[in-house]
2 protein chains.
Amino acid sequence: MRILLVEDEDKLRGQLVNALQQQHYVVDMAKDGEEALYLGQEYNYDLAIVDLGLPKINGIDVIKQWREENIEFPILILTARGNWQDKVEGLDAGADDYLVKPFHLEELYARVKALLRRATGHAKSNLQFGKLVLDLSAKQALLDNQPVELTAYEYNTLEYLATHQGKAISKTELTEHLYAQDFDRDSNVIEVFIGRLRKKIDPSGELKLISTVRGQGYRFNWVNDG
Amino acid sequence: MRILLVEDEDKLRGQLVNALQQQHYVVDMAKDGEEALYLGQEYNYDLAIVDLGLPKINGIDVIKQWREENIEFPILILTARGNWQDKVEGLDAGADDYLVKPFHLEELYARVKALLRRATGHAKSNLQFGKLVLDLSAKQALLDNQPVELTAYEYNTLEYLATHQGKAISKTELTEHLYAQDFDRDSNVIEVFIGRLRKKIDPSGELKLISTVRGQGYRFNWVNDG
DNA sequence: AGTTTTGTTCAGCTTCCGTTCAGGTTCACG
DNA sequence: CGTGAACCTGAACGGAAGCTGAACAAAACT
């Protein structure tokens with residue numbers, strides 16, 4: 001899951017980036033409205049968190065602009081305690097939810113999760129694939145009800161594939177969602193992760209949950225029983 | 001455990017804060033309804049103690065407002081002796097218990113404990129994890145029926161983890177529940193507490209009650225036998 | 001005052017995981 | 001078949017996250 005964070009205060013921005021990364025989100029950041037506008041146009045984020053008081057271009061205007069261009073990701077706005085009326089304007093402009101500063105990190109996590117869930121259309125936070133269960137809220141995989149020890153990147157890779165089941169996902173798309181900004185890497189990280197994942201979530205090799213589509217990427221296979 | 005105390009009389013408020021802190025609770029305070037409303041909306045308290053006679057916004061209205069917004073923490077209301085009918089209104093508005101002023105501190109402690117216990121879903125005040133028993137009301141841990149000498153912070157850390165067993169708790173979440181105000185983010189206090197805790201509650205290292213989840217925090221492990 | 005207990009910081013150590021690399025395997029073409 | 005590209009995999013490295021003993025600071029107690 002990739003998040004764009006737009007916040008001009010250096011200290012707060014740093015804290016939020018840390019916090020979000022700790023929750024295993026991939027975070028890009030922008031310091032002013034101009035940068036935010038551009039990044040939002042160029043990259044396909046899963047969520048944007050926007051502080052309304054911004055230099056150069058106002059947060060409200062950034063949001064309006066995005067929405068005019070049919071950029072769809074959910075937007076969570078941050079407002080200072082005093083000017084709460086901003087939030088109304090923000091919601092009108094096309095934001096999806098708001099948070100008044102200062103806030104507890106848990107509160108932020110909750111809203112972020114809710115928005116992402118709503119957007120990806122998974123009402124419940126558990127995905128079941130036979131023996132394998134993905135607990136999206138605990139960020140944990142279970143095999144035969146036993147927790148599988150996945151590292152952060154392994155889990156994220158699995159989650160992305162599983163939430164796009166049936167579709168072939170290119171290695172480029174995977175890297176873009178796993179890493180922030182610059183990834184001009186010719187490396188085989190993804191192949192390694194997939195290899196380790198396969199071993200861990202299907203040791204006997206019977207399920208074949210992740211299949212290789214040569215030249216195109218990987219696909220998570222599961223037949224949805226209606 | 002973090003408590004919001006709403007009381008407009010300076011003297012009483014000071015006394016109560018002291019008393020509660022002495023019981024190792026983390027206490028935030030509000031002097032009027034407006035502040036109370038805001039704090040309750042923004043922070044995730046474990047309990048609120050609300051005096052009904054408040055400036056700016058009446059205590060009853062604060063409670064109603066919170067409950068409308070699905071803010072769930074238990075609420076204990078304080079009423080003056082004369083107007084006991086307030087208490088009915090308060091309970092209707094969504095409070096969980098009441099106390100008539102003046103009261104003995106012991107009585108307050110008892111209600112607070114009871115409400116916190118009820119809220120965390122532990123019918124009885126003892127949690128048993130094999131050899132280790134947590135006595136929530138005595139705020140004490142027992143190992144093989146022998147009391148374990150835990151300091152206040154050690155105990156609180158343990159209690160928070162144990163009452164959220166199975167879930168990974170980040171260091172940030174822990175600090176937020178252990179400390180009232182802003183905290184220094186780059187410090188390893190939590191790691192130290194965890195280290196000391198592990199030594200004390202599981203000297204032989206066989207139980208592995210507290211496991212670390214790299215990048216996510218710590219998790220208290222216990223298999224609930226139905 | 002002094003003493004003890006508790007909380008916090010620091011530095012060095014250990015463990016783990018993301019990354020790389022090298023060599024092997026499979027597959028799609030001819 | 002043969003060849004090259006795409007993919008797999010085991011091993012190793014290095015840096016970051018976490019652990020820990022000890023020193024220091026602050027509080028609580030006498």
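Me: What makes up the secondary structure of chain A?
Reply: Chain A comes to 8 helices and 12 strands. The model is a predicted one.

Me: How much of chain A counts as buried?
Reply: Chain A has 226 residues, and 29% of them count as buried. The cut-off is 20 or more other C-beta atoms within 10 Å of a residue's own.

Me: What share of the contacts in chain A with a separation of 6 or more comes from residues 24 or more positions apart?
Reply: Such residues account for 54% of those contacts.

Me: What joins strand 1 of chain A to strand 3 of chain A?
Reply: There are 4 bridges to strand 3 (residues 47-51), again with the strands parallel. In this pairing A:Leu4 stands opposite A:Ala48. As a rule, strands of a sheet pair through backbone hydrogen bonds, either parallel or antiparallel.

Me: Which elements of chain A make a β-α-β unit?
Reply: Strand 1, helix 1 (residues 10-22) and strand 2 of chain A make the unit, and it is right-handed. Right-handed refers to the path from the first strand over the helix to the second, which runs clockwise with the strands pointing away from the viewer.

Me: Why is B:Leu5 called buried?
Reply: The cut-off is 20 or more C-beta atoms within 10 Å. B:Leu5 has 24 C-beta neighbours inside 10 Å, so B:Leu5 counts as buried. B:Leu5 is found in strand 1 (residues 2-6) of chain B.

Me: Which residues does B:Leu5 touch, not counting those up to four places away in sequence?
Reply: The contacts are B:Arg13, B:Leu16, B:Val17, B:Leu20, B:Val27, B:Met29 and B:Ile49. Take B:Val27: this residue is 22 residues from B:Leu5 along the chain, yet their C-alpha atoms are separated by 6.8 Å.

Me: Which residues of helix 3 of chain B are buried?
Reply: In helix 3 (residues 59-68) of chain B they are B:Gly59, B:Ile60, B:Val62, B:Ile63 and B:Trp66.

Me: What is the strand order of the open sheet of 3 strands in chain B?
Reply: The order is 10-12-11, with antiparallel pairing.

Me: Why are strand 10 and strand 11 of chain B called edge strands?
Reply: Strand 10 (168-169) and strand 11 (210-213) of chain B each pair on one side only.

Me: How do you know that strand 10 of chain B pairs with strand 12 of chain B?
Reply: The cut-off is at least two bridges. There are 2 bridges between strand 10 and strand 12 (residues 217-220), which run antiparallel. The partner of B:Ile169 is B:Tyr218, while B:Ala168 stands opposite B:Arg219.

Me: How many bridges pair strand 11 of chain B with strand 12 of chain B?
Reply: These two pair in the antiparallel sense over 4 bridges. B:Val213 stands opposite B:Gly217. The hairpin of the two strands has 3 residues between them, and B:Gly215 takes a positive phi near 80°.

Me: Which residues are closest to DNA strand D?
Reply: Of the 18 residues that surround DNA strand D, the closest are A:Glu191, A:Gly195, A:Thr212, B:Gly195 and B:Thr212. Helix 8 (189-201) of chain A and helix 8 (189-201) of chain B each give two or more residues to this surface. The residues there divide into 4 nonpolar, 8 polar and 6 charged.

Definitions and conventions:
Residues numbered from 1 in each chain as written. Chains lettered and ligands numbered in written order. Predicted model: local features only at pLDDT ≥ 70, side-chain atom pairs only at ≥ 80, totals over all residues. Near = placed C-beta within 6 Å. Nonpolar A, V, L, I, M, F, W, Y, C, P; charged D, E, K, R; others polar. Buried ≥ 20, exposed ≤ 12 C-beta atoms within 10 Å, placed from the backbone. Contact = placed C-beta atoms within 7 Å.
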